[in-house]
Amino acid sequence: MRLDKYICDCTGLTRSQAGKVIRQKLVTINGELVKQAALQVNSDDVVCLDGEQLQLIGLRYFMLHKPDGYICSTDDPDHPTVFTLMDEPLIERLHTVGRLDLDTTGLVLITDDGQWSHRISSPKHHVAKTYRVWTADPIPTAAIAQFAEGVMLRNEKNATLPAELEIISENEALLTIHEGRYHQVKRMFAAIGNKVERLHREKIGGLQLPDDLAEGEYRQLTAVELSLLKG
């Protein structure tokens, strides 16, 4: 890898900024001052910028338990973002895999791997997402068949894909959908004359939000957990 690209990948500097610090004689490789941006960096080289050793940051995969009142965006003038809950280098490179509404809680995936993110969030791949839903009115058993057949949402041309509804109690259910339309769960219940009072995402693909991950906490995905999300 070229030295200037290596510096960019480690620090978030632009290519021109990396070239500038090299010209300013702030970069060493294995203790030797270097002046050429095109110099190749090997895997065992020790690269330092202004005396601090640089480390490449590989692709990262996190799960986060989103609390109410946070948005899945990098910046918002009115509400805190989920990224304010994280302490990671080069956090500006990270993005959420899809989004949860401001008042929806639960499992959020965060990464800097765009291809992986696309495979999970793209409607073409139909990755299942399971939500725990609390409603204003009792949920009729007829809703199970309605959601399994697909329902028409307001201002939509096509019905939703078949979804699985499991009624837990009079006003609580688990709903698994295989697409990600705008406010889909809330609109599905509105289509059958009910209102979602509270919404919590428990599962994406085969990955379940663990009980020991408290609201506002996050951690890296394990290799086993990543395998549960292959699309």
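**Ground rules.** I number residues from 1 along each chain as its sequence is written, and I leave hydrogens and water out, using heavy atoms for side-chain values. Since the model is predicted, local features need pLDDT of at least 70 and side-chain atom pairs count only at pLDDT 80 or more, while totals for chains, interfaces and linings use all residues.

**Cores.** I looked up nonpolar cores, meaning sets of buried Ala, Val, Leu, Ile, Met, Phe, Trp, Tyr and Cys residues joined through side-chain atoms within 4.5 Å. Buried is under 20% relative accessible area, exposed is over 50%, and partly exposed is in between (1.4 Å probe, protein chains only). The largest core has 27 residues, and Ile110, Leu175 and Phe189 touch the most other members. Two or more residues each come from β5 (61-66), β7 (105-111), β8 (129-135), α4 (142-149), β10 (172-177), α5 (184-191) and β11 (196-204). I take helices (H or I, at least four residues) and strands (E, at least two) as DSSP runs, numbered from the N terminus. Apart from this core lies another, of 15 residues, including Tyr6, Ile22, Val27 and Ile29.

I then listed contacts (heavy atoms within 4.5 Å) for Leu175. Skipping residues up to four places away in sequence, Leu175 touches, among others, Tyr131, Val133, Phe147, Leu165, Met188 and Phe189. Lys129 and Glu164 are on that list too.

**Ser117.** Ser117 sits in helix α3 (residues 114-121). Is Ser117 buried or exposed? Ser117 counts as buried, because its relative accessibility is 7%. Beyond its neighbours within four places in sequence, Ser117 contacts His95, Thr96, Val97 and Thr111.

**Salt bridges.** My criterion is a side-chain nitrogen of Lys or Arg within 4 Å of a carboxyl oxygen of Asp or Glu. Searching the whole structure turns up twelve.

- Arg2 pairs with Asp4, with the closest N and O atoms 2.8 Å apart. Arg2 is partly exposed at 34%, whereas Asp4 is buried at 3%.
- Lys186 and Asp103 meet at 2.8 Å, N to O. This pair links distant parts of the chain, 83 residues apart: Lys186 is in helix α5, and Asp103 is in the loop between β6 (95-96) and β7. Lys186 is partly exposed at 25%, and Asp103 is partly exposed at 41%.
- Arg132 and Glu202 meet at 2.4 Å, N to O. Strand β8 holds Arg132 and strand β11 holds Glu202, 70 residues apart. Both Arg132 and Glu202 are buried.
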